[in-house]
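Subject: Structure for you to look at

Hi,

Here is the model I promised to pass on. Have a look at it first, and then read my notes below.

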Amino acid sequence: MEIYNFSLDNSKPNRLFPCPDCLQRTFKRYWDNFKNEYFPDEDVGRCNREFNCGCHNSPKQFFEKNGLDYPKNEVPKLSLPKPKPPTTYIDTSWVEKSMNRPIPNYFIDYIKRLFGEKITNDLINKFRIGTSKHWKGATVFWQIDQDFKVRSGKIMLYNSQIGKRVEFRDDWVHTVAKLKNFTIGQCFFGLHQLAENSTKTIGIVESQKSAVILTAINPNLLWLSSGGVYGVQIERFKPLKDRKIILYPDAGIEKDGKGTPFQKWSKRADELNQSGFEVSVSKLVENAATDEQRIKGYDLVDYYTMIDQNGQSVLNKNAINT
Ligand SMILES: [Zn+2]
């Protein structure tokens with residue numbers, strides 16, 4: 001959209017002045033859109049008697065006639081920010097379908113090795129974990145919001161033995177399904193659980209895998225995943241406004257000049273707290289991590305599943321609320 005410096009005064013009812021040529025009261029003056037007043041010279045305008053008179057003195061002619069520069073620098077190209085198109089949702093039936101595929105799901109195989117059949121089935125139902133045909137053994141982590149609307153799903157591939165991600169095997173459901181004009185509005189993975197429980201403290205970790213495993217290890221918290229270190233936009237916290245929130249950033253080193261994961265999430269927590277949220281950042285991982293573990297990006301689950309020389313988990317699970 002462009003706004004011109006001057007345009008004919010089109011206010012209603014028409015304000016007409018005597019025409020400098022035919023002298024009839026049929027003359028429309030120019031309006032200065034920036035000063036919000038008439039063009040100062042009253043002879044600059046256009047006569048409504050287009051055929052019988054035809055008088056038209058434009059601002060451009062006025063500046064030329066008087067040897068003045070047209071105030072070009074005042075013509076701003078006002079482009080309004082494009083409104084974000086509304087979020088697209090995926091039909092819930094896709095989630096159901098993905099949960100009923102009788103094909104391998106390596107992430108689920110891994111969880112079964114850790115917790116057994118029953119707990120695994122509880123976790124699958126709680127997080128609505130799906131299976132994808134995209135790669136053999138692939139998992140779908142659906143992003144379902146607090147109103148049970150499906151925002152999209154992340155398809156990932158894990159190793160069933162050690163539960164580590166297979167590199168470069170990560171894609172969106174809407175991309176793979178080639179959905180046209182899809183506008184993604186991401187939410188935290190696991191957000192739909194808010195409706196089940198209104199009092200639990202919210203624990204936010206980076207990976208979907210960790211949110212699922214921590215739910216089995218410590219169900220006192222309601223676990224969500226941001227999908228990565230950058231997934232903690234203020235917008236995504238809105239449904240969590242009245243909840244106590246603890247962030248559990250991964251161990252990490254600074255890679256982008258914006259601090260370590262701990263520093264990034266601490267900054268975000270400060271911003272949220274200034275907006276009336278109740279957010280703290282756990283130092284458990286930060287305090288436990290060696291330099292090597294920082295480089296490898298260890299997270300809370302890595303410390304739980306790490307056994308010390310006495311056969312004990314390195315982290316006491318009772319320490320998790322801090
Ligand atoms: Zn006229």
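Let me start with β8, which is mostly covered, with eight of its nine residues buried. Bear in mind throughout that this is a predicted model.

β8 has a partner in β7, and the two run antiparallel with six bridges joining them. If you want a landmark in that pairing, Phe141 sits opposite Lys154 of β8. The hairpin of β7 and β8 has five residues between the strands, and Phe148 there adopts a positive phi near 65°. β8 also pairs with β9 (residues 165-172), again in the antiparallel sense, over four bridges. Here Tyr158 has Arg165 in β9 as its bridge partner. Between β8 and β9 the hairpin has six residues, and Gly163 is the one to check for a positive phi, near 70°.

While you are in that region, look at Asp145, in the loop between β7 (138-144) and β8 (150-158). Beyond its neighbours within four places in sequence, Asp145 is in contact with Arg151, Cys187, Leu191 and His192. Thr305, which is 160 residues away in sequence, lies 30 Å from Asp145, C-alpha to C-alpha.

Next, the open sheet. Its four strands come in the order β11-β10-β12-β13, with parallel pairing. β11 (221-225) and β13 (278-281) are the edge strands, each with a single partner, so one side of each has no neighbour in the sheet. From one strand to the next the twist averages 25°. The pairing of β12 (residues 244-247) with β13 is parallel and uses four bridges, and Leu247 stands opposite Val281 in β13.

Two helices pack on this sheet. α5 (residues 208-217) touches β10 (201-205) and β11, and its direction makes about 165° with that of β11. α7 (residues 261-274) touches β12 and β13, and its direction makes about 160° with that of β13.

α5 also packs against α3, at an angle of about 85° and with the axes 10 Å apart. That makes α3 roughly perpendicular to α5. On the α3 side the contact involves Phe107, Ile111, Phe115, Ile119, Leu123, Lys126 and Phe127, and on the α5 side Lys209, Val212, Thr215 and Ala216.

On to the nonpolar cores. The largest has 54 residues, and Ile204, Leu214, Leu224 and Leu247 have the most contacts inside it. Helix α3 (residues 106-127) supplies the largest share of this core, seven residues. A second, separate core has five residues, including Phe6, Tyr30, Trp31 and Val44. As for Leu214, leaving out residues up to four places away in sequence, it touches Gly203, Val205, Trp223, Leu300 and Val301.

Finally, the overall layout: the chain is divided into domain 1 (6-74) and domain 2 (92-321). Taken over C-alpha atoms, the centres of domain 1 and domain 2 are separated by 65 Å. Asn5 lies in the segment before β1 (6-8). With 20 other C-beta atoms within 10 Å, Asn5 counts as buried.

Cheers

Conventions: Residues numbered from 1 in each chain as written. Predicted model: local features only at pLDDT ≥ 70, side-chain atom pairs only at ≥ 80, totals over all residues. Pairing = 2+ DSSP bridges. Axes fitted to C-alpha atoms, helices over the stretch in contact; angles between N-to-C directions. Contact = placed C-beta atoms within 7 Å. Core = buried A, V, L, I, M, F, W, Y, C linked by C-beta atoms within 7 Å. Buried ≥ 20, exposed ≤ 12 C-beta atoms within 10 Å, placed from the backbone. Domains from an automatic or database assignment. Parallel < 35°, antiparallel > 145°, perpendicular 65-115°, else oblique.
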